[in-house]
Amino acid sequence: AMSPIVILILSGLALGGSFWLFRMSCGSMSFSRINIISFSFYVPLLLQGYFGAIAVALDVDGHPVLSMLIDDKERALGWAAIMYSMVVVPLGMLAANRLLLRQSPLYAWTRYTHAPMRLSSGSHEGRLLMSLFILSACCIVAVGYSFWASGGIGMLTIAGADSVSAAEVREAVGWDFAGVAWIRQLFAITLCPLMSYIAFAYWKTTGTQECRAWFILMLVASLVSLSMTFAKSSVFMYLFGYIFLAVILEGRVSPGRGSLVALLALAVLLGMYAFSYSDQSIKETFSLRNHNSGIVTRVIVGQIIGVYGSLYLFPAYWDHLSFLRQMGWYAAMTGENQEQSCDLIMATIMNPQGARGFATSLFPAEAWAVYGWPGLIAGPLLVGCAIGLMAIVFLRSPKNPVTVGVFAYLSCKISLGSGFLLFFYNPEVVKALAVLACFVWVGYSPRRQMPPRPVR
């Protein structure tokens, strides 16, 4: 086992080097100018990975699952994988900047965020807005349908229930949906928040009452849709996305407005915890020893359990997974079972507790499960390149409400804690963007003029 002093010294060096490299990648690490790159450092790596990795390496986490499964070697390897990722991910972003951006990241971000919004001419913009209104109406109908197909189950149903009953309700909503699943997933969960960001960008650009009403409707529909499945982190990240929008639209967010949105998102998160675990005291909620329903331990340690679970299971108990067999379309074509590391980790580690779900974790978990050592070594560099490339694409694209909304949505949707393969193939996002592109194309396409009748 490594000495605790060595672990703390190397962890401090990794933190300092990571912060410096991330700053070089985006030009500014200021909270008032937060973007997809600086956010990747502060939340997935620092908050959800760094502190938990140190606690696990020092064997002071006290997590029952980790204590039961892993030994000192796996504790050290998981810690090293996370520290390595903190340093190499920004190197991938820098590589993308050197190859494609070829200018100061700070200058590129400042020029983009201070650039004026571009709108089409009156008739074209009116047709585009009408097309987006129709798509938004489809999303609202999908939210209502999802609520109806869930038997009217929402946050109010879970209020006052004990933790066991609350878990049963959450499982029923998330896994036993009686309606058409793709309607809920595509229109209610994915497209509805995206359209609310676009509506917000239109409202701030045009200032019209129609766009303001459009935004309020989509905001309410998005909150209902995301809270219906009790995905607490999804609601928090959705509200946090408006900080991204403010930075993109105005260049920075004021401390007052940024703090207000962050506190609102935190209040909603705590409120959902209060609904979900109403029989739990405040002390238990914030206890560092409450690993099942404690908010602090679930954020700091719970998000990296998948990394250690992956190191424990692959290849000792499961062979490394095939890239293609993790793709739903390949499984549908070949008739083979779709294998995902998050499913196997959840089924193997958490199944004795009777849980269903996904063992979400930082991307090294899936990189190791699929590719082993090559994935663990090259994965952080590829992920950094993917994030840097996505940022460069938007920095060079026209700045209009649609692209701004999509940029903000992807900034909070594509997370280092969402897996490895999703950076390169995310079917839900691809489907949503394809549907949006079709409606935008219909709105932009010029109407055909009927030829004049010949004069007899």
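A cavity here is a set of points, on a 1 Å grid over the protein atoms alone, where a 1.4 Å probe fits but cannot get out. Its volume is the space filled by probe spheres set on the points, with grid points joined across faces, edges and corners. This is a predicted model, where local features need pLDDT of at least 70, side-chain atom pairs count only at pLDDT 80 or more, and totals for chains, interfaces and linings use all residues. Residues are numbered from 1 along each chain as its sequence is written, and side-chain values use heavy atoms, with hydrogens and water left out.

**View 1. The largest cavity, at about 70 Å³.** The search of the whole structure turns up five cavities of 30 Å³ or more. Lining residues (an atom within 4 Å of a point) include Cys26, Ser28, Arg33 and Asn35, along with Val247 and Gly251.

**View 2. Helix α5 at the largest cavity.** Spanning residues 105-114, α5 gives the most to this lining, with four residues (helices are DSSP runs of H or I, at least four residues, numbered from the N terminus). By class, the whole lining has four nonpolar, five polar and one charged residues. Nonpolar means Ala, Val, Leu, Ile, Met, Phe, Trp, Tyr, Cys and Pro; charged means Asp, Glu, Lys and Arg; the others, Gly among them, are polar.

**View 3. The second largest cavity, with about 40 Å³ of space.** Among its lining residues are Ile34, Ile36, Phe244, Ile248, Phe407 and Ser411. Helices α11 (232-250) and α20 (401-413) each supply at least two residues, and α11 gives the most, with three. The lining divides into seven nonpolar, two polar and no charged residues.

How values were computed. On a 1 Å grid over the protein atoms alone, a cavity is a set of points where a 1.4 Å probe fits but cannot get out, and a pocket is an open set with protein on both sides within 12 Å along at least five of seven lines; lining residues have an atom within 4 Å of a point.
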